[in-house]
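Here is a short briefing on a ligand site and a sheet. Please keep the 3D view open while reading.

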Amino acid sequence: MTEAIPQPRTEVAADQFEDSAPASAKPGLLVLAPLRLEANAVRRGLTRPGSQVLHTGMGATRARKSADKRPPHPFGAMVVMGTAAGLSDDLSPGDLVVATEVSDGETTVPLPGAGLLVAELRRAGLTARAGRVITVQKLVKSSQRLRLAADGYLAADMETAALLGAADGRPVAVIRAVSDAGFGPGLASSGLIRGGIAALRSLRRAAPVAEKWAAACRERTVLLAGPRSFCAGVERAIEIVERALEMRGAPVYVRKQIVHNTRVVSDLEQRGAVFVDELDEVPDNATVVFSAHGVSPAVRDDASGRGLSVIDATCPLVSKVHAEARRFAREGYTVALIGHAGHEEVEGTLGEAPSSTVLVQTAEDVAKLSVDDPAKIAYLMQTTLAIDEAADVAGALRDKFPQMRAPGSDDICYATTNRQAAVRAVAAEADLVLVAGSANSSNSVRLVERSQRAGTPAHLIDGATDIDVSWLEGVSVVGLTAGASAPPAVVTEIIEALSGLGTVTVTERVTTTESVQFGLPREVRR
Ligand code: SF4
């Protein structure tokens with residue numbers, strides 16, 4: 001086994017620019033650091049060949065001169081790294097501020113994708129926040145700090161705005177380490193030194209993260225799967241809670257997550273919805289909404305016995321499966337329910353006819369299954385299964401019980417079917433697939449699996465900050481979709497974050513269009 005030999009990196013003073021051969025085949029990271037101490041700290045942290053550090057000099061005039069010159073080696077992405085004055089009392093020396101935009105008081109440059117970098121820095125164990133950075137002419141005094149903070153700035157420096165032009169259209173980011181913070185009368189010199197040391201240490205630790213970020217930078221295409229995101233059942237369930245809040249006022253209790261998505265749940269929580277696991281957490285006489293995944297009759301009976309005012313947001317397509325379970329059980333059939341143990345929808349359906357229903361998750365479960373009357377067996381499915389896997393289990397059941405009855409119409413719902421077909425289409429063209437959705441969202445997890453089975457790496461993310469930028473290294477085409485419970489805004493957020501890593505061309509691959517709508521229950525009709 002050979003050991004990698006550390007490659008020297010380049011540190012060049014602003015007045016020493018000269019043409020030279022590329023430092024590596026793929027242009028790497030260029031770091032601009034105003035002070036020599038900052039440049040040295042960053043250089044000590046760098047790990048990749050091809051990274052170069054340029055010491056630009058302190059203040060806007062030197063920075064502007066540096067930005068006009070050509071760095072010694074080609075570069076693919078640029079990061080301005082240095083210390084800064086923190087403008088918030090909750091910042092401490094050594095904390096990192098990643099700029100969402102940089103202003104010189106007149107012109108503002110937005111930097112999309114700061115959130116991706118913040119998330120990477122945090123994963124590396126650093127304290128980092130995204131925020132607005134202002135470049136000022138002179139060192140900031142405490143009265144000026146208060147004014148800048150009131151204007152919404154998080155950090156102030158003396159160079160960044162003048163340096164951004166050096167990126168010359170390439171991806172650019174700004175990482176400033178706080179050397180002193182707050183609005184007090186000013187730090188004693190010992191405090192300034194301690195703060196400066198903490199800031200330099202953070203810059204050194206941030207350097208490999210900046211390299212990782214730069215390695216992910218490139219122009220890329222985003223292939224949007226269509227359809228994606230909210231289905232009719234999820235839109236209906238969310239609207240039911242919104243209307244219940246409007247018509248009955250907060251709090252409105254919701255049993256379980258209304259839909260399996262952390263963004264949706266936290267948004268409704270902020271508006272007055274209270275999510276509970278079980279009905280015993282709901283006060284007497286309160287309003288309770290049943291989630292889109294449905295409930296068993298035992299839960300309905302409990303609510304009715306307690307005198308709770310119930311609004312049922314069960315998706316009509318889940319209710320259809322419940323009705324089939326009741327019908328088959330009434331007719332004396334054993335119901336083989338194909339689904340995932342523990343999923344709320346499965347628990348609700350099992351509860352319709354518990355003594356007549358058995359859960360089968362795999363073909364192995366089918367092999368072990370024995371029923372009283374093999375001529376009287378029917379199968380049903382959870383609505384959000386992977387189509388091909390569910391078909392395998394149904395096939396095994398049919399082989400074992402040739403007289404088995406099937407549901408009247410497909411149980412796997414239109415939204416699950418359509419999103420799986422759409423993600424398969426983009427996975428065929430993409431280097432990587434990102435699926436927006438929460439970890440407990442069955443249909444979102446199935447989209448990840450669907451892509452992976454097609455041979456394309458895929459990741460489930462609740463939002464843009466879950467993206468590990470190393471996934472994007474060497475990736476030119478990203479397939480992007482969202483589970484049926486993930487809001488469309490998350491897709492927009494992900495595209496915006498990716499655009500911080502280089503120009504993004506968005507193309508949509510629509511495999512079908514949807515027009516399904518469900519009516520609202522009478523309790524929330526106006
Ligand atoms: S995924 Fe299907 S079953 Fe679930 S809420 Fe949406 S439409 Fe209804």
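This is a predicted model: local features need pLDDT of at least 70, side-chain atom pairs count only at pLDDT 80 or more; totals for chains, interfaces and linings use all residues.

- Two elements, α7 (232–248) and α10 (316–330), each give two or more residues to the shell around the ligand.
- The residues surrounding the ligand are Cys231, Gly233, Val234, Cys315, Leu317, Val318, Thr383, Cys413 and Tyr414.
- By class, seven shell residues are nonpolar and two are polar.
- The shell has no charged residues.

**Sheet**
- An open sheet is built from four strands, in the order β12-β11-β13-β14.
- Pairing in this sheet is parallel.
- β12 (273–276) and β14 (309–312) are the edge strands.
- Each edge strand has a single partner, so one of its sides is left without a neighbour in the sheet.
- Neighbouring strands are turned by 30° against each other on average, direction ignored.
- β11 (residues 252–255) pairs with β13 (residues 287–290) over three bridges, in the parallel sense.
- Arg255 stands opposite Phe290 in β13.

**Helices on the sheet**
- α7 packs on the sheet and touches β11, β12, β13 and β14.
- The direction of α7 makes about 150° with that of β14.
- α9 (residues 297–306) also packs on the sheet, touching β11, β13 and β14.
- The direction of α9 makes about 170° with that of β13.

Technical notes. Residues are numbered from 1 along each chain as its sequence is written. Side-chain values use heavy atoms; hydrogens and water are left out. A residue is near a molecule or strand if one of its heavy atoms lies within 4 Å of it. Ala, Val, Leu, Ile, Met, Phe, Trp, Tyr, Cys and Pro count as nonpolar, Asp, Glu, Lys and Arg as charged, and the others, Gly among them, as polar. Two strands pair if DSSP finds at least two bridges between them. Axes are lines fitted to C-alpha atoms, for helices over the stretch in contact, and angles run from 0 to 180 degrees between N-to-C directions. Contact means heavy atoms within 4.5 Å.
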